[in-house]
Amino acid sequence: MAIRHMLISAFAVGALLAFAVRARADYVVLRSGTRLEVTGYEILGDRYRLHLKGGTAEVSVEDIAGIEPEEVFEPLPEPLNDKTPFEKIIRAAADRYGVDADLIHCVIAVESNFNPKAVSSKNARGLMQLLPQTAAQLGVKDAFDPEQNVDGGTRYLRDLLKKYSNLTLALAAYNAGPERVDQYGRRVPPYLETMKYVQRIAKSYAKIKADSEQQKAKISAS
């Protein structure tokens, strides 16, 4: 229950800000004021290798003022209901580990779009996209089995929420790995994929929670 309250209170204030951000492209902003549109980047010690449309360029970490991730419109998942794929499995895992079912629902939507056989380019598997080594640590024998996958993924998410006491960092760690979050001083790692991932789930989760509160208010007023 404590984790559920933390999630809802954190997003009640912060998620509205996430809706207000509308980045048009992926940009690396230099301290000189120059904004470079990039398709990706690598961190090479004290330098960044930027992947541009015409090639690559390397710049010092000290020369970078910030990174503005692209926000591409993507439909938000419908609220969790009895027609949601694997709804009973999601709710059972939520009750078992004290994680909000709506959050699990949003993670699955972004991770695999509810495809239990999904495999990523990094070999993450199943509904909550567990890497083989992560699945093994969690005791998940078949990552393509929906019940095992959601059980393991929810348990992993619960552990990250306990570790960081912060939903944004927990999601960043779920995507990039806790070692990367720790490496960057318990901050979201400066990876475009991770920043987009956190933003997408934040928007989905906040929208579902806002809609739920509005529905409750209507019922109370009637």
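**Two helix pairings in the predicted model**

In this predicted model, helix α3 meets helix α8 through D102, L103, H105, C106, V107, V110 and E111 on the α3 side. The partners in α8 are Y197, R200, I201, S204, Y205, I208 and K209. By residue class, this contact of α3 with α8 holds eight nonpolar, two polar and four charged residues. Helix α3 covers residues 101–111, and α8 covers residues 192–221. Their axes lie 9 Å apart, and the packing angle is about 140 degrees.

A second pairing joins α5 (residues 146–164) to α6 (residues 167–176). Here the axes are 8 Å apart and the angle is about 130 degrees. These helices are therefore oblique to each other. The crossing of α5 past α6 is right-handed. Helix α5 contributes G153, Y156, L157, L160, L161 and Y164 to the contact. Helix α6 contributes L167, L169, A170, L171, A173 and Y174. Eleven residues of this contact are nonpolar, one is polar and none is charged.

Helix α5 itself has 19 residues. From first C-alpha to last it reaches 27 Å, close to the 27 Å expected at 1.5 Å a residue. At its start, a side-chain oxygen of D145 comes to within 3.2 Å of the backbone nitrogen of E147. Just after α5, S165 adopts a positive phi of about 50 degrees.

Key
Residues numbered from 1 in each chain as written. Predicted model: local features only at pLDDT ≥ 70, side-chain atom pairs only at ≥ 80, totals over all residues. Heavy atoms only, no water. Axes fitted to C-alpha atoms, helices over the stretch in contact; angles between N-to-C directions. Helix = DSSP H or I, 4+ residues; strand = E, 2+ residues; numbered from the N terminus. Parallel < 35°, antiparallel > 145°, perpendicular 65-115°, else oblique. Left-handed = near helix turned anticlockwise from the far one by under 90°. Contact = heavy atoms within 4.5 Å. Nonpolar A, V, L, I, M, F, W, Y, C, P; charged D, E, K, R; others polar. Expected span 1.5 Å × (residues − 1). Polar contact = N/O pair within 3.5 Å; in protein donor to acceptor, adjacent residues only side chain to side chain.
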